[in-house]
Amino acid sequence: MTLDASGRLLVGRTLTTGDGEVLQVNGNNNGSNIYTAVFQNTNTANTVYNAVRFYQGQLGTAIGYVGTGGSAVGNTSFRNTFVAGTQSNNDFVLNTNDTERMRITSGGNVLVGTTTDNGARLQVSGAGTFSSSVQSSSLIVAGSGYFPAKLITMGGAEFSRYNT
């Protein structure tokens, strides 16, 4: 382990790489262990968290976390489960290939394939497939082309329509 003159902590390496991150860990020489790092809280109380929090910019403007919690922690979404999310009033975004793929807004709406929130709880832009039934008290399907559909209302009435 090395603390270099710039304040970077290097674990398992002697030279900095990348963009000069302040913590760099290389797990190449960790033997048969498949994990690079482990975060463990050995406190057996059911009221404690084992989480890593991330702060960006001015304190409180963007706070995110990943972690777990005991069965009696204050935030019930952490109880006996793994959680990733925001602690501030900000959206939670999932990326692949450095491109946004899904967003959960601070209001709880889920956006897939779009970044514009229209207020609906689930918003999907692009093609989608359901391999099972979809139940809704109100269903709106928009688009063009061939769309075979058979809709059955909650009361049992059937409607069929084919648009072109």
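Analyst: T105 touches D91, L111 and D117, leaving aside residues up to four places away in sequence. The model is a predicted one, and every value here is computed from it. T105 sits in the loop between β8 and β9. Its relative accessible area is 10%, which is under the 20% limit, so T105 counts as buried.

β8 covers residues 99-104 and β9 covers residues 110-112. The two run antiparallel and are joined by three bridges.

T96 has T99 in β8 as its bridge partner. β7 and β8 form a hairpin too, with two residues between them. N97, in that turn, has a positive phi of about 50°.

β9 is in turn joined to β10 by three bridges, and these two strands run parallel. V110 stands opposite L122 in β10. As a general point, the strands of a sheet pair through backbone hydrogen bonds, and the pairing can be parallel or antiparallel.

Put together, these strands make an open sheet of four in the order β7-β8-β9-β10, with mixed pairing. β7 and β10, the latter covering residues 122-124, each have a single partner strand, so they stand at the edges and one side of each has no neighbour in the sheet. On average, neighbouring strands of this sheet are turned by 20° against each other, direction ignored.

Another part of the chain holds a group of aromatic rings. The count of aromatic pairs comes to two. F78, at 5%, is buried.

The other pair is formed by Y65 and F78, with ring centres 5.0 Å apart and planes at 40°, so this pair is tilted. Because Y65 lies in strand β5 and F78 in the loop between β5 and β6, the pair ties together parts 13 residues apart in sequence. Y65 is buried, as is F78. Y49, Y65 and F78 form one aromatic cluster.

Finally, the chain as a whole. The protein chain has twelve strands and zero helices. Of its 164 residues, 12% count as buried. Among contacts between residues at least 6 apart in sequence, 10% join residues at least 24 apart. The protein chain exposes about 12800 Å², and carbon and sulfur atoms supply 51% of that area.

Terms used. Residues numbered from 1 in each chain as written. Predicted model: local features only at pLDDT ≥ 70, side-chain atom pairs only at ≥ 80, totals over all residues. Heavy atoms only, no water. Pairing = 2+ DSSP bridges. Phe/Tyr/Trp six-rings, centres within 6.5 Å; stacked < 30°, edge-to-face > 60°. Buried < 20%, exposed > 50% of the residue type's maximum accessible area, 1.4 Å probe, protein only. Contact = heavy atoms within 4.5 Å. Axes fitted to C-alpha atoms, helices over the stretch in contact; angles between N-to-C directions. Areas by Shrake-Rupley, 256 points an atom, 1.4 Å probe, with all protein chains shown as cover.
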